[in-house]
Amino acid sequence: MKVMSIFGTRPEAIKMCPLVKELEAAEGIESVVCLTGQHREMLQQVIDIFGTKVAYNLDIMKPRQTLTTITSSILEKIEPVLIEEKPDIVLVHGDTTTSFVVALAAFYQQIPVGHVEAGLRTFDKYSPFPEEMNRNLTGKLADLHFSPTENNKNNLKREAITENVFVTGNTVIDAFKTTVRPDYVFKDKDLDAVDLKNHRCILMTAHRRENLGEPLEHICKAVKRLVEKYEDIEVVYPVHLNPAVQEVAHRVLDGTDRVHLVKPLDVEDMHNLMDRSFLVMTDSGGLQEEAPACGVPVLVLRTETERPEAVEAGTVKVVGVDEDVIFEEAVRLLEDESEYNKMARAVNPYGDGHASERIVEHLRSWYEQKNN
């Protein structure tokens, strides 16, 4: 069976590389990897860390690219690759423009599509934008659906997608087996300035389109108030390269003691810093799954989440983008040990680190049934 995994962003790579490793090790499977290059430097870091062999790189990234140019470039450049390779199945991940467009291109070639991390929904097509529609449309095009949780499977059932839906856990938990080590030494020297032994570390990320401008300003102001109130905390904020994020982060937080505005971290630095942090504050999707694997509570800096099972499990709390609410919710966890432990000790709903193995087995069974 020839399986072609196609992805293009750093978050996709973090979640797909453990699966690619499993495919490469499996007997009777030929694994081919194609990158779209929707991200460039940040994507390559992950590929290097996992030692992933890449057969194709479409290298679509251009200055001032738009959703339209990303969509048209991928559609045009992936077609000859699919025609040449003729895979038995194409695997895409999650909710990026790469995922949707590759699924569409594979459909045009009548190649089956497997959707890894299927069934996440906010039920608001503009939030997150364009991710919510990307994953909806990918779900309509896919033939196999690998859902992290029962809740994700039920979302698909409501959309009348009931065949070949498998609950596998999330492959991001598998990634920790490669990335997190107790003796790990950070590569980014900016992290040497963070006192992880004597201070509580808050790891923060904020970069979503819907948070740009005023919401991001509120988030940064709340963080500033926290370090001014507590002398034993340090905040590490890997600032996204988007100029709109950079401008607000530096304007509000530059010169604030114990706030470290660092460049985006590679996956090893990020996972190991998360593992040593006291709290994560984020508008990212992936961190809502990753931090609970380390027993670290998460405050979600958004008004909704497509990961309600994490809220139900108690590993994350959605706090929105109001400065006072963010501040108060963080204060609660910094001061109330029982509230903190309730979140830190809750069971991560995203699985046991064996999602990739399950996906490979489901692919095998599907292929055998198809060819018998």
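Which residues does Phe 7 touch, not counting residues up to four places away in sequence? I put this to the structure at the outset, noting that the model is predicted.

**Entry 1: Phe 7 and the cores**

I found that Phe 7 touches Glu 12, Ala 13, Met 16, Cys 17 and Val 20, and also Val 33, Cys 34, Leu 35, Thr 36, Leu 43, Ile 47 and Thr 98. I then looked up the largest nonpolar core, which has 55 residues. Phe 7, Met 274 and Leu 363 are the members that touch the most others in this core. Helix α1, residues 10–25, gives the most to the core, with seven residues. Apart from this core I noted another, of 37 residues, including Tyr 230, Val 331, Leu 334 and Tyr 340. I recorded a general point beside this: in soluble globular proteins, nonpolar side chains tend to be buried together.

**Entry 2: Helix α6**

I next asked which residues of α6, residues 150–158, are buried. They are Asn 152, Asn 155 and Leu 156. Seen down the axis of α6, the buried residues fall within an arc of 95°, so they line one face of the helix.

What do the buried residues of α6 pack against? I found three elements listed by residue range: β6 (144–147), β7 (165–167) and α12 (308–313). Just after α6, I noted that Ala 160 takes a positive phi of about 65°.

**Entry 3: The cavity**

I asked how many cavities of 30 Å³ or more the structure holds. There is one. The largest cavity contains about 40 Å³ of space. I listed its lining as His 93, Val 116, Glu 117, Phe 146, Pro 148, Thr 168, Gly 169, Asn 170, Thr 171 and Ile 359. By class, four of these lining residues are nonpolar, five are polar and one is charged.

**Entry 4: The largest pocket**

Which element gives the most to the lining of the largest pocket? I found that α1 does, with five residues. I recorded the classes of the pocket lining as 17 nonpolar, 18 polar and 15 charged residues.

Technical notes:
Residues numbered from 1 in each chain as written. Predicted model: local features only at pLDDT ≥ 70, side-chain atom pairs only at ≥ 80, totals over all residues. Heavy atoms only, no water. Core = buried A, V, L, I, M, F, W, Y, C linked by side-chain atoms within 4.5 Å. Buried < 20%, exposed > 50% of the residue type's maximum accessible area, 1.4 Å probe, protein only. Helix = DSSP H or I, 4+ residues; strand = E, 2+ residues; numbered from the N terminus. Contact = heavy atoms within 4.5 Å. Arc of directions from axis to C-beta. 1 Å grid on protein atoms, 1.4 Å probe; cavity = no way out; pocket = protein on both sides within 12 Å on 5 of 7 lines; lining within 4 Å. Points joined across faces, edges and corners; volume = space filled by probe spheres on them. Nonpolar A, V, L, I, M, F, W, Y, C, P; charged D, E, K, R; others polar.
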